[in-house]
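Biologist: I'm new to reading models like this one. Please walk me through it, one question at a time.

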Amino acid sequence: MNSQAETRDVRTTARKFVAATGREALRLVRETLGAEAIVLTHRATAEGVEIVAMAEGDVQEALENAAPAIQVEPVVPVAPVAAPAPMPLAAIASAAAPAEAAVLSELHSMRGMIEEQLASVVWSDKQRRDPVRGRLLRTLLGAGFSARLSKAMLEKLPTGRSYAEGMAFVRSELIRAVPVHEDEDALFAQGGVYALMGPTGVGKTTTTAKLAARCVMRFGADKLALVTTDSYRIGAYEQLRIYGEILNVPVYAVKDAADLHLVLQDLRDKHMVLIDTVGMSQRDRAVSEQIAMLGNSHRPVKRLLLLNATSHGDTLNEVVHAYRNGNDLTGCIFTKVDEATHPGALIDTVIRHRLPVHYISSGQKVPENLMKADRAQLVDSVFQPRQHSPLFVPAETDLNDEPAGAGPSAQVVQAQGEADRLRLKYQNLIRAMAHDAQELATAASALAGAQIGFERARGLWRQAGDDAVGQKAVLQDLSEHARSEVAAGCETHVLALCGQVGLRSSESGDAYECHGSLLLSDRSGLPLAAPNQWLSTAARGAADASRRPGMRQVQWLRQQDFGKALVHVLGKLPGLDVVMQWQASGQHWLARAPGSTAVIDARTGAACTLARIGFEFGEARPVRFRGKPALQCEAHADVVPRPGAAAMAAGIDREALPTLRCVATKVIDARSRKVLSQGYALSNVGAEVGPQQLAQWQGWANDAEPCLRLMRDGVQLVGGMGELGDPNMMKRLLIAGQMSTTVWRLLQAEGDWAERTRMLLGQLTGRAVRAGRPMTGSALYAGVGKFFLLLEALGTESTAPTQAPRALVQMG
């Protein structure tokens, strides 16, 4: 890609700037349009970072020309009864003047601008109402903490506190959050092999010697050995050998995995072995090879990562990602703390990555300059006054507010004026984009009366930004909502669809696995509620999913009472151990099964696979298969799972295996009678549910699986994935899960009102929407997010009709 930035005209009033980086693109905007330019869009493209911006004067002029007949009153909500006759948004561009069309076209192409700017207004309002919060934020940023962690801590700070009280609150929150390995006695008593890892120059050899000295003082030199893998650095082995001679501890040098295996085999009688590894840049590909060498040893090697206190926070984050490499680190050791100017970055890193701190190294003396990690001392060291003021990060004294009692400072007054100006400007922009509040109000009323959970989703969206609402309150509210939805939307059973969704942190890119559950109606198969979510790291979540699909949610759902019999519908057949556990605990389930599944036919006693059972299919009925007419029929047989050699070795009793129901589903072409699809499902549900109903439940579950993946869009809508330690991350996951059920039901809804509403939401995203053309779930989710913002900005409240249309009632 060409690194040279380029500027291109888009229209007479809006200009597009493309550069290699966002910072360079913003510089071009300031140089071309001035510091007061309005950024309309900001997105990454194949060419680089693209920013569409307008000069401030052009925006005001265009707005005045765009809608001269509209009386803009940004403070007074537009009442639906006083609005003009409804006008479709699609007709605005053709009916408007050229200047109006240009402005509306740019407004429709805005992606994320409204959310970002309103977030800025909200933060400015918080600083205006509580200037202490802003002062505390600057203190934390000046100490080296990241903006996300700093804001997450201050979100829970009660208003009206003094600066001293705020600092005490921050200190207590940090002490509570920082992970520390406090039991040194247990560490030495456990023993084992420890490898000290980290980039070049972080102090691994010196720290190894310090830790070795503590071991010798604890249990003697005869129970300790030192190993070095550093065969690259000149004198590395000699330096460690000298330390070994002083401590009377043997030192061994290894070159590869075979040497390491032999040396550790010889040292199996040693209580503790310390490995000094070769230093590598976190961007060196050999880091993963070094980790693999340690991980393949026959004797478990626990890895301690050394973090340089003088490094920048982004560098520390990159180091942890590289040296973790999908495998858990035992902990970390802080080095060169005596040289650090902003040690807050260290604490920020370990809080986000939940990496326990074992020791603090603050000098070259062996063994004096190695101390056990203490939470309070770590936190207090961040805010201790230093002899020299930092040059490159503003200190608190540089950004301090006016003294107490001196009245509002110039910064506070400026922030207040800027917030008011932004609020007025963007309300005008929103009104120009909406153009017809009556159409929005009509759509909101239709959604409220459609019984798809629209009002619940909008309320949850509001709660996502409400500091007073916590995770527990949201979880309790969703549980109560689930019970009411099940009571109204289910006949005799409630279907629980469990699955996993991969998520990534918005800031660091860390991978997570979200285990979610959807409650489906046994009448229509539509998702009714998503009462709970569970989060894990990606590696651990993938392992759980492969071994025990849906187990995390099953454990939680087992403790709930929804008033109807619960059936777990799984996309993957669980293992025999899980099947037997669920059978013993009375858990009902239904799962897809491959045709190669080994079973015993209960009718004949013959061992076979599901595909070889002689099914007797019933009468075929018309269905739609991949958009074309087809015929479907079902068959039923009782089978007993046939355990393999591994299951028998694990002690599973063949006689104790339950008899299961197998439902075979066959779809054939309506004309040629050719088999288009054939599938199998196993279940322990009783005979009160017929084979056709079981097959239909499995089909509904298959159709609803994409609803779980909408979680990614929902999380982004309510603030994105944070880092480990973010107190509101689970709250956002819960809200995103329930909102996804509403978006999915709207995506599946039928009727003219649903088609009109989807077209309106599609237009709000700036995308071309054609009547009769299906929308994607992600596009619809984006439209719902814009719709919520417009309703809030215009003060429009949806009013559900007293009696919804019959078709809408049946949808629920």
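Biologist: Over how many bridges do strand 3 and strand 4 pair?
Modeller: This is a predicted model, where local features need pLDDT of at least 70 and side-chain atom pairs pLDDT 80 or more, while totals for chains, interfaces and linings use all residues. Residues are numbered from 1 along each chain as its sequence is written, and side-chain values use heavy atoms, without hydrogens or water. Strands are DSSP runs of E, at least two residues, and a pair needs at least two bridges. Residues 38-45 (strand 3) and 48-54 (strand 4) pair in the antiparallel sense, and the count is seven bridges.

Biologist: How many residues lie between strand 3 and strand 4?
Modeller: Follow the chain from strand 3 into strand 4, and you will see a hairpin. The number of residues between them is two.

Biologist: Which residue in strand 4 is the bridge partner of His42?
Modeller: Look across the pairing of strand 3 with strand 4, which is antiparallel. In strand 4, the partner of His42 is Ile51.

Biologist: Is helix 19 roughly parallel or antiparallel to helix 20?
Modeller: Helices are DSSP runs of H or I, at least four residues. Helix 19 packs against helix 20 (residues 471-489) with the axes 12 Å apart and an angle of about 175 degrees. Angles over 145 degrees count as roughly antiparallel, so helix 19 is, relative to helix 20, roughly antiparallel.

Biologist: Which residues of helix 20 meet helix 19?
Modeller: Contact means heavy atoms within 4.5 Å. From helix 19 come Arg456, Leu460 and Gln463. In helix 20 they meet Val474, Asp477, Leu478 and His481.

Technical notes: Axes fitted to C-alpha atoms, helices over the stretch in contact; angles between N-to-C directions. Parallel < 35°, antiparallel > 145°, perpendicular 65-115°, else oblique.
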